[in-house]
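Morning, everyone. Let me put the model up, and then I will walk you through its inside.

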Amino acid sequence: MPDDPRAAARRARGDDEGIALLEELAGEADAPATAFAELGAAWYRRYDRTGDPMSMARAELTMREALRRQAPAPAPVMWLSNLGMLLVRRAERFRDATVLDEAVTLLREATQADPGRFAGHANLGLALLRRLENRRDLSSLDEALAAHRKALELTDDPGRRARVLANLANMHQAAFEQTGEVGQLDAAVEHHRAAVETVPEDDPALPGCCAGLARVLVDRSTGTGDHTVLLESLRLLDRALSGTPEDDPDRPLYLAQQAIAYRVAFARTGDTGALDAAVTRWREALRLLPDDHADRLVHRANLATALRNRYEFAGDAAALDESVRLLRAVVRETAADDPELTDHRAALANSLHRGGVAAADPALLREAADLLHLAEQASAGSPFRRARHRANRGSVLLATAQLTAAEEDLYAAREVLTEVLDRAGPDEPVLAEGLRNLAAVHQLLGDQPAAVAAFARLIGTAPAPVLSRALAAQQLGHLLARDGDAQGALAAFGTAVSLLDLVAWVGLGRDDQERLLAQFGGLASAAAACALSLGQSDTAVEVLEQGRGVLYAQALSLRSGGDVARDRAPELTERLTALHALLDPAAPPEPGPVPWSRQEAAVARDRLIDEIREVDATFLRPPGLAELRDLVGERCVAIVNVSPYRCDAILLTGGRTHVVPLSGLGLDDVRAHARSLLAEPAAALTGLLPWLWDTTVGPILDRMTELGLAPDGGTPSVWWLPTGPMSYLPLHAVARHRVVSSYTPTLRALDAGDTVPGGPAVVVAMPETAGHPALPRAVPESEAVRDILGPETIVVSRGEATRMRVAELLREASVVHFACHATTDHERPSDSHLVLADGRLRVRDLIALRPPAGGRTLAYLSACSTATTGARLPDENIHLASALRLAGFAGVVATLWPVPDIVAARATTATFGALSTLPSPDAVHACVRQLHDRYPRRPAMWAGLVHVGPGGTGMVRP
């Protein structure tokens, strides 16, 4: 039959007019098989262009008609190949694995008929890959690998080679997902990298190659804990998406892969921005997918998992409810023979597990255990998958036993978890959660040696998330301490302390760092208590310094270290300085949901520090006792350590360490007094101050006298360093008759730096603030301060006192005075703030200030509760006073609770008046005594005024 020229011109595009002409030709009574083959190819091209399922169905119908009419003569290779690939696409589009056997048969025939044709081997390899992925059956793995390798031999075209390399990598990755064999994963990475390097920049296959490499790098990161490759995967997916228009049918796939990478990033680091981004990407992928697309079920299931994670870290009950609803629908809508049903059931079980614990509902936990048992049975052919489902079932059984006290569930949990973990290799993901749960089971059964062994194994599992390892070390420490094994407890606690800097990784945002550190309250104090029980007072000092003020120390490290190793590794330290500039809180945030440039800088910093330590082993490591003693110098520092195991004071002075056991002090009592003080200072102080003298301050000062540290006729100075809830109590107020008191967040914070005034004095006054009571004394107070400091003092008040203006002045100020309102945020202490004309000047804003070259002398906070840390993180000392200390002010005057406006003004006048002749600690001490004499029966008026920092030798007045 002659070819219609109009149809020949249009069929290559598969447009409607061309298809209509081909339909007309195929409709003739004597139309040959060729006409149907050409029509089928046109419909196929139309499907490729539009994604229209009807076009796929018409293509299959006409292709089959072509083969029927051609029989019994052999079908042309192209016809076999086209129908075979159409069936592969049908399996991909509708998750219809039933057609893959036929597709493989057709493509085998095509390859056998023309063994030298590149497309035949490439297409057969893809069909075998899809069958392996759908059935999780590795029986055709060797044939599939051979087909891909043969295809590579038959082409030199870069684009074609890249596509085959990507499919070859996908084959190895599918084998890894079934077997857990790391060698398969390594091969997948190798071939995907080759594909990305091979594909031309303008080739439409580039996004797919980038996405493929990203996917396998996510698997590698999950198995090894390597954050670097995870960041690489996210950059690759950004590249894939940037080259893929919104109407491209592959865009939802790339979005979903990026969502998976974001979720893994959250699991590795605790970055909640990454989890939010994962939820957003899955929702966007679902928006773009057609309603009948088979991948919708998988994306909904993955979205539900991310929502469960949101509940786990934020307690978002609505997210958990949505997770359960989504997964119940997914399980209901998934075909019984769909291999994804197993994972969907397991995901539903995990969400039901969380819901059952939250609602104390054993029925939900039983349902979860049953679903996981089904998942185990369905994964019998894949030990790797079975182990994951079995470990999760052990976790559910443990939760059930904890809820119902049913011993049979506890023993079942032990059996299940023991069997899984005995078979697990050293790098398997089930180890972290499984070992933690097994340790809990052994504890409940009273088998302490087994619990210790499980915790120890988890601590030593390097690929496990650092948070899991640190929590395990903390739990092990408490387990051993309660059993009287101080030596073992100290070792475990010390391991946990050493991991805190990684838990609150510098690549994370401040809110995530605080949230993660909140899980380690009292850790350093417990470690110090164990050290003191062993007579190791020096170790106690070191572990307290390393395990408290972690974020404070991080901020210091980002602003130091360059000079230490510059002579020995100048090039490396220059690079480190540049990275620190990116990580400094003052650096502008990267736009977008997750600041990947910050995380990449943090990874590069970690590696660079390791390089520098090859030439300077001590570089940026936690300071040892000798260095800490140098910082203390001739001062007397009283560390007041409170823990469940014992309470002590440690006196550091003149290179000596003295321990003062505080036998009358108990952690529970300290907590109770702290709660009362935070709730109602005036009422709490009546009973608190005598108790504080009897249990704490009196024994410490008596010991100082015995040691000759408080000689008669003089008023010695003490720097208080309280731990835990003791941080809220006014030690200085009780000691006012015998010592001059200051506080320091950490020993490292005693480094005063340059305290020679080099900048202006700044006074900020806010007599009226919207939403707050008026402060009528603010302006007279600020004028009095200006008169003392001199006429060059810069005063900003009312509407002039904006955040931008005040921050600008603070960059160079050597003295600053605030007379305004302040608010303590107990849940997010970095959001504690001073209230200015246009909003909040927060802790996180103040810590971004770098000390000027000339140094700073004093910051005076005539505002409420500016030395009160957040309730979740007392040992981090995150408050306005410590933030200004970090900004370089040698002394900071602040308050522990609200003080009336008139009293605050009197305190300011008294302190600044004394500063003409006294250093700032002595001036505050004199002020407290004056206020006490004025309000002897009202300690709330005077006991809350504190001095923070080493203070300077120079006076405030220029």
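How many cavities of 30 Å³ or more does a search of the whole structure find? The search finds 5. A cavity here is a set of points on a 1 Å grid, over the protein atoms alone, where a 1.4 Å probe fits but cannot get out. Its lining residues have an atom within 4 Å of a point. Points are joined across faces, edges and corners, and a volume is the space filled by probe spheres set on the points.

Some ground rules. This is a predicted model, where local features need pLDDT of at least 70 and side-chain atom pairs count only at pLDDT 80 or more, while totals for chains, interfaces and linings use all residues. Residues are numbered from 1 along each chain as its sequence is written, and side-chain values use heavy atoms, with hydrogens and water left out.

Now the overall picture. The protein has 958 residues, and 58% of them count as buried (under 20% relative accessible area, with a 1.4 Å probe and protein chains only). Its secondary structure comes to 41 helices and 14 strands. Those are DSSP runs numbered from the N terminus: H or I of at least four residues for helices, E of at least two for strands. The C-alpha atoms fill a box of roughly 120 × 65 × 55 Å along the principal axes. Take contacts, meaning heavy atoms within 4.5 Å. Among those with a separation of 6 or more, 67% join residues 24 or more positions apart.

Back to the cavities. The largest holds about 130 Å³ of space. It has 13 lining residues, and Leu517, Phe520, Gly521, Gly547 and Asp875 lie nearest its centre. By class, that lining is 7 nonpolar, 3 polar and 3 charged. Ala, Val, Leu, Ile, Met, Phe, Trp, Tyr, Cys and Pro count as nonpolar, Asp, Glu, Lys and Arg as charged, and the others, Gly among them, as polar.

The second largest cavity holds about 90 Å³. Nearest its centre are Arg510, Tyr552, Asn877, Ile878 and Ser882, out of 13 lining residues. Helix H28 (550-557) and helix H39 (880-886) each supply at least two residues of this lining. The classes here are 8 nonpolar, 3 polar and 2 charged.

Next, the cores. A nonpolar core is a set of buried Ala, Val, Leu, Ile, Met, Phe, Trp, Tyr and Cys residues joined through side-chain atoms within 4.5 Å. The largest has 195 residues, with Trp720 and Phe818 making the most contacts inside it. Beyond its neighbours within four places in sequence, Phe818 touches residues including Val764, Leu834 and Tyr860. A second, separate core has 124 residues, among them Met171 and Val330.

Two helices deserve a look. Helix H20 (residues 407-423) has 17 residues, so at 1.5 Å a residue it should span 24 Å; its end C-alpha atoms are 25 Å apart, which agrees. That expected span is 1.5 Å times one less than the number of residues. Buried residues in H20 include Asp409, Leu410 and Glu419. The buried residues of H20 pack against helices H18, H19, H21 and H22.

Helix H23 (residues 466-482) is mostly covered, with 13 of its 17 residues buried. Just after H23, Gly484 takes a positive phi of about 85°.

Last stop, a proline. Where is Pro716? Pro716 lies in the loop between helix H34 (681-706) and strand E4 (717-722). Why does Pro716 count as buried? Because its relative accessibility is 14%.

Notes:
1 Å grid on protein atoms, 1.4 Å probe; cavity = no way out; pocket = protein on both sides within 12 Å on 5 of 7 lines; lining within 4 Å. Buried < 20%, exposed > 50% of the residue type's maximum accessible area, 1.4 Å probe, protein only.
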